[in-house]
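I opened a new page for this structure. These are my notes on what I looked up.

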Amino acid sequence: VHNNYAGSIPLYSRLQALDANTGEQVSESHDFDSPINRSIITPDGKYWVGCFGRLFGRDIACRVEVRALPGLELVRTIPFQEVVRTVDVSGDGQRLLIGAGKPDQVGFAQVFDFDTGKPLTPRVTHQNYVEHVQFLHEDRHVLSKGRSGVIRLWNSRTGDAVAPAIQIDRLVGGLAVSPDERWLALGTGTN
C-alpha cells in the first residue's frame with residue numbers, strides 16, 4: 001500500500017505492507033522524499049517494486065526501489081536523472097521494465113536485469129515521457145505508451161520494433177490490454 005499526499009507538489013510518500021486478509025500492518029512505515037508514481041508486487045510475491053520522481057518542479061530522488069516483502073527491507077535502488085513514471089516485472093521475475101522521462105522532453109522505456117539493476121536493452125524513445133509499460137506475449141515483447149499518444153511494441157531482449165508504432169491523435173490517458181493480448185482499449189483526452 002502506498003499513499004501520495006495531496007497538494008500541488010507532494011512533499012513525500014509513505015509505504016507500508018499490510019496483510020491483505022486482515023488489514024494488519026506487517027512492516028514499519030517508510031517515508032520518502034518523492035512521490036511513488038507506481039508500484040507493483042513481483043509475480044512470486046517476494047518483492048515490492050516502486051518508481052519515484054516528481055513530474056513537475058525539481059527533479060530529485062528519481063529512482064526505482066526494490067524491497068523485500070513483508071518487512072520492506074531495501075534490496076536495491078536504481079537511480080535515474082529522469083522521473084520514473086511506470087514499472088512492470090516479467091512473469092519469470094528476471095527482468096524489470098521502466099518508463100520514464102520529463103515533460104516536453106524525449107522519454108524512454110527500458111528493460112533491466114532484476115537482480116543486478118543493469119540495463120539489458122537500449123532505451124526505446126518516445127516523444128514525451130512514458131506513462132505505461134507492460135510485458136506481453138510471454139514476456140517476449142514490450143508495449144510502451146508515451147504521453148504524446150505514440151504506442152510502441154518492441155522486442156524485450158533487443159529493443160527492436162516488432163510492429164509499426166501506433167499514433168493516436170489525442171492524449172492517451174488510459175490503456176488496457178485484453179487477457180489474450182489481442183486488443184487494446186484506449187481512453188483519450190483533449191489536453
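My entries below cover a sheet, some backbone angles and the salt bridges.

**Entry 1: the model**

I note at the start that this is a predicted model.

**Entry 2: the sheet**

I began with strand order. Four strands make an open sheet, and I read the order as E12-E13-E14-E15. The pairing is antiparallel. I then asked which strands sit at the edges. They are strand E12, residues 130-136, and strand E15, residues 166-167. Each of these two pairs on one side only.

Next I took strand E13 with strand E14. E13 covers residues 141-146 and E14 covers residues 150-155. Five bridges join them in the antiparallel sense. As a reminder to myself, strands of a sheet pair through backbone hydrogen bonds, either parallel or antiparallel.

**Entry 3: the loop between E12 and E13**

I checked phi in this loop. His137 lies there, and its phi is near 50°, a positive value in a residue other than glycine. Glu138 lies in the loop between E12 and E13 as well. Its phi is also positive, about 55°, and Glu138 is not a glycine either.

Are these residues buried or exposed? His137 is partly exposed, at a relative accessible area of 22%. The cut-off for buried is under 20%, so His137 does not count as buried. Glu138 has 72% relative accessibility and counts as exposed. It qualifies because exposed means over 50%.

**Entry 4: a cis peptide**

I looked at omega next. The peptide bond from Leu69 to Pro70 is cis, with omega near 5°. Where is Pro70 found? I place Pro70 in the loop between strand E6 (63-68) and strand E7 (73-79).

**Entry 5: salt bridges**

How many salt bridges does the structure hold? I have seven on record. I wrote up several of them.

Asp31 with Arg14: the closest N and O atoms are 2.7 Å apart. This pair links distant parts of the chain, 17 residues apart. Asp31 is in strand E3, residues 30-32, and Arg14 is in strand E2, residues 13-15. Asp31 is partly exposed, with a relative accessible area of 45%. Arg14 is partly exposed too, at 27%.

Lys145 with Glu131: the side chains meet at 2.4 Å, N to O. This pair also links distant parts of the chain, with Lys145 in strand E13 and Glu131 in strand E12, 14 residues apart. I looked up the accessibility of Lys145. At 1% it counts as buried, because the cut-off is under 20%.

Glu65 with Arg67: the side chains meet in a salt bridge of 2.8 Å, N to O. Is this pair buried or exposed? Glu65 has 5% relative accessibility and counts as buried. Arg67 has 8% and counts as buried as well.

**Entry 6: the network**

Last, I asked which residues are linked in a network of salt bridges. I noted Arg63, Glu65 and Arg67.

How values were computed:
Residues numbered from 1 in each chain as written. Predicted model: local features only at pLDDT ≥ 70, side-chain atom pairs only at ≥ 80, totals over all residues. Heavy atoms only, no water. Pairing = 2+ DSSP bridges. Buried < 20%, exposed > 50% of the residue type's maximum accessible area, 1.4 Å probe, protein only. Salt bridge = Lys/Arg side-chain N within 4 Å of Asp/Glu carboxyl O.
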